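Subject: Structure handover

Hello,

Here is the structure you will be taking over. My notes on what turned up follow below it.

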Amino acid sequence: MCIRDRVIYEAGTVGTNCYIILKGSVSVIMKKEVRQGKNRNKHIEYELTEINVLYQGDTFGDLCFVTNTPRLSTIYTREMTECAVISKKCFEDITKKDDLKIFTQNAEYIKQIPFFSQLFKNDLINLACSLEARTYKWKQSIFEPGEYPNYLYIVTEGEVIV
């Protein structure tokens, strides 16, 4: 949750996250070149110009992932704003065409589990990104007695004997 007039990121910075607006709005600000003076004595100044306003459901910050360039704009909140933050790796995972359907299914499935039902949307997105489907054969061990498991297992189909 961000308060009003808070900078989320500035132009020229390297993007490590992109954002989905869950509540509120943000301004997209860019530098506009302003030339002053005549001919040889001209000097260039810049003024900040609001080029867009984004609202609930809109995304921003993902362009630098696609172009591998620094951010072109500065984003600041116009009011109390809540955003889901998606890391570059997670973004790359969910934008793979084959994985998008799986990601959506994972997020919907997680929401149905009582233990996870109270997660914030941002946490739900991050958890859905980290899920990995595994299939086990009949009577195959998931992990051995005395072995410390490295993962949380969620059984979606079939039965497990503990």
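The structure holds five aromatic pairs. One of them joins Phe115 and Phe116, edge-to-face, at 5.0 Å centre to centre and 85 degrees between the planes. The cut-offs: rings of Phe, Tyr and Trp (its six-membered ring) pair if their centres lie within 6.5 Å, and planes under 30 degrees apart count as stacked, over 60 as edge-to-face and the rest as tilted.

Before going on, the ground rules. This is a predicted model, in which local features need pLDDT of at least 70 and side-chain atom pairs count only at pLDDT 80 or more, while totals for chains, interfaces and linings use all residues. Residues are numbered from 1 along each chain as its sequence is written, and side-chain values use heavy atoms, with hydrogens and water left out.

Aromatic rings

Phe116 is buried, at 9%. The terms are set this way: buried means under 20% relative accessible area, exposed over 50%, and partly exposed in between (1.4 Å probe, protein chains only).

Tyr9, Tyr19 and Phe60 are linked into a cluster by ring pairs. Tyr9 has a further contact. The charged end of Arg71 sits over its ring, 3.7 Å from the centre. That label requires NZ of Lys or CZ of Arg within 6 Å of the ring centre and within 35 degrees of the ring normal.

Overall layout

The chain has four helices and seven strands. Along the sequence the pattern reads β-β-β-β-β-α-β-β-α-α-α. Both element types are DSSP runs numbered from the N terminus: helices are H or I with at least four residues, strands are E with at least two. Of the 162 residues, 26% count as buried.

Salt bridges

How many salt bridges does the structure hold? It holds two. The criterion is a side-chain nitrogen of Lys or Arg within 4 Å of a carboxyl oxygen of Asp or Glu.

One joins the side chains of Arg4 and Asp5, at 3.5 Å, N to O. Arg4 is exposed, with a relative accessible area of 56%. Asp5 is found in the segment before strand S1 (7–9). Its backbone deserves a look: Asp5 has a positive phi of about 65 degrees although it is not a glycine.

Glu50 forms a salt bridge with Arg78, with the closest N and O atoms 2.9 Å apart. This pair links distant parts of the chain: Glu50 is in strand S4 (residues 43–55), Arg78 is in the loop between S6 and S7, and they are 28 residues apart. Glu50 counts as partly exposed at 40% relative accessibility. Arg78 is also partly exposed, at 33%.

Thr81

Thr81 lies in the loop between strand S6 (74–77) and strand S7 (82–87). Thr81 is buried, with a relative accessible area of 0%. Which backbone oxygens does the side chain of Thr81 reach? It reaches that of Ser25 at 3.0 Å and that of Glu79 at 2.7 Å. These are polar contacts: pairs of N or O atoms within 3.5 Å, where, within protein, one must be able to donate a hydrogen and the other to accept it, and residues adjacent in sequence count only if both atoms are side-chain atoms.

After helix H4

Several items sit in the segment after helix H4 (121–130), including Val160. Phi of Lys139 is near 70 degrees, a positive value in a residue other than glycine. Lys139 is exposed, with a relative accessible area of 72%. For context, most residues other than glycine have a negative phi.

Ser141 also lies in the segment after H4. At 42% relative accessibility, Ser141 counts as partly exposed. A polar contact of 3.5 Å joins its side chain to that of Glu144. Ser141 and Val160 are 19 residues apart in sequence and 9.4 Å apart in space, C-alpha to C-alpha.

Val160 is partly exposed, with a relative accessible area of 44%. Together with Ile142, Phe143, Val155 and Val162, Val160 makes a nonpolar surface patch of about 470 Å². Patches are made of residues with over 30% relative accessible area and no salt bridge; like charges are joined within 9 Å, nonpolar side chains (Val, Leu, Ile, Met, Phe, Trp, Tyr) within 5 Å. Accessible areas come from the Shrake-Rupley method with a 1.4 Å probe, and for residues only the protein chains shown count as cover.

Best wishes
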